[in-house]
Amino acid sequence: MVKSMTGYGRAVETVNGREFTVEVRSVNNRYLDCTVKLPRALSFAEDAVKQAVKGTISRGKVDVFVSLRTEGSDDVQVKLNTAMVEGYLAAMKVMTEVYGVRDDLGVSTLARMNDVFTVEKPEVDEEALQADLMTVAQKALESYDAMRSAEGKALEADLRTRGETILSLVAQVEAGSPQTVADYRTRLENKLREVLANTSIDESRILTEAAIFADKVAVDEETVRLRSHLNQMNEMLTTGGAIGRKLDFLLQEMNRESNTIGSKCSDVRLSRIVVDIKAELEKIREQTQNIE
């Protein structure tokens with residue numbers, strides 16, 4: 001199956017009292033470039049998320065955003081550091097009695113002192129937490145991959161249609177090429193009659209010149225190769241997978257053949273057909289940039 005490099009997927013699910021939100025989005029890129037943004041509590045799971053992304057896409061600029069919301073407040077306990085509070089109070093009493101400093105101590109003032117409170121967090125089972133996260137991440141990746149597949153299907157259909165258009169244009173070039181030689185022979189014969197007037201014309205010379213011209217403008221080899229390349233493109237589209245780079249290389253070969261055909265076509269009508277072929281190849285190239 002052909003897949004696009006652009007896509008978006010999102011999953012939100014509560015697992016074991018924690019709400020995970022995972023978003024995956026990607027754009028075109030020559031290689032795989034994955035960035036994962038996690039809350040601090042899940043930073044240890046970055047590599048696992050990246051490995052899951054690598055299992056889904058082979059190239060593209062991928063961004064993964066993860067957020068975590070914990071239900072309830074039992075996970076964190078804030079306690080008063082009584083020893084530290086008593087130390088502060090004793091020191092402040094000395095300040096008042098010895099130095100005559102006015103006693104304006106209040107709870108808000110004391111609460112701002114360092115280490116007055118201790119925060120205790122329960123020990124986290126990172127392995128279990130990562131497993132919960134990956135359950136949601138996989139669903140987001142499935143949604144993301146479904147969108148890529150849908151877009152890839154549209155891209156495949158477009159490329160096949162354009163390939164058929166090029167084949168039709170190539171057939172017109174092949175059909176018109178012999179006529180170009182015939183027209184050249186007629187022009188050559190008329191020119192010679194005009195120049196030589198009543199002098200007899202050497203038919204063998206005309207045949208020789210026409211043969212030389214036919215050899216120069218022959219596009220059989222190029223059209224055969226172009227047809228072969230188009231067949232290869234269709235085979236790649238049928239096989240699917242990560243074919244973007246192969247298609248890009250194949251298009252270079254098709255452009256080379258079309259350029260050669262264009263350089264050999266002296267007929268205006270055929271030249272216009274070659275321009276149409278190049279235009280279709282350029283549209284295929286643009287679409288190929290979106291294929292994984």
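How many residues does helix α2 (residues 82–99) have, and how far does it reach from its first C-alpha to its last? The legends below begin with that helix.

This is a predicted model, in which local features need pLDDT of at least 70, side-chain atom pairs count only at pLDDT 80 or more, and totals for chains, interfaces and linings use all residues. Residues are numbered from 1 along each chain as its sequence is written, and side-chain values use heavy atoms, with hydrogens and water left out.

**View 1. Helix α2 and the residue just after it.** Helix α2 has 18 residues and reaches 25 Å from first C-alpha to last. That is close to the 26 Å expected at 1.5 Å a residue (1.5 Å times one less than the number of residues). Helices are DSSP runs of H or I with at least four residues, strands are runs of E with at least two, and both are numbered from the N terminus. Just after α2, Gly 100 takes a positive phi of about 70°.

**View 2. The salt bridge of Lys 3 with Asp 145.** A salt bridge is a side-chain nitrogen of Lys or Arg within 4 Å of a carboxyl oxygen of Asp or Glu. Here the closest N and O atoms are 2.8 Å apart. Lys 3 lies in the segment before β1 (7–15) and Asp 145 in helix α4 (residues 126–196), so the pair ties together parts 142 residues apart in sequence. The whole structure has 21 salt bridges.

**View 3. Helix α6 (residues 220–239) against helix α7 (residues 244–264).** Their axes come within 9 Å and cross at roughly 160°. Axes are lines fitted to C-alpha atoms, for helices over the stretch in contact, and angles run from 0 to 180 degrees between N-to-C directions. The two helices are therefore roughly antiparallel (an angle over 145 degrees). Contact means heavy atoms within 4.5 Å. Among the contact residues are Leu 226 and Met 233 of α6 and Leu 250 and Ile 261 of α7. The contact residues divide into 9 nonpolar, 4 polar and 6 charged. Ala, Val, Leu, Ile, Met, Phe, Trp, Tyr, Cys and Pro count as nonpolar, Asp, Glu, Lys and Arg as charged, and the others, Gly among them, as polar.

**View 4. Helix α7 packed with helix α8 (residues 268–288).** The angle is about 170°, and the axes are 10 Å apart. That makes α7 roughly antiparallel to α8. Residues including Leu 251 and Met 254 in α7 meet residues including Ile 277 and Leu 281 in α8. This contact divides into 8 nonpolar, 6 polar and 3 charged residues.

How values were computed
Angles under 35 degrees count as roughly parallel, over 145 as roughly antiparallel, 65 to 115 as roughly perpendicular and the rest as oblique.
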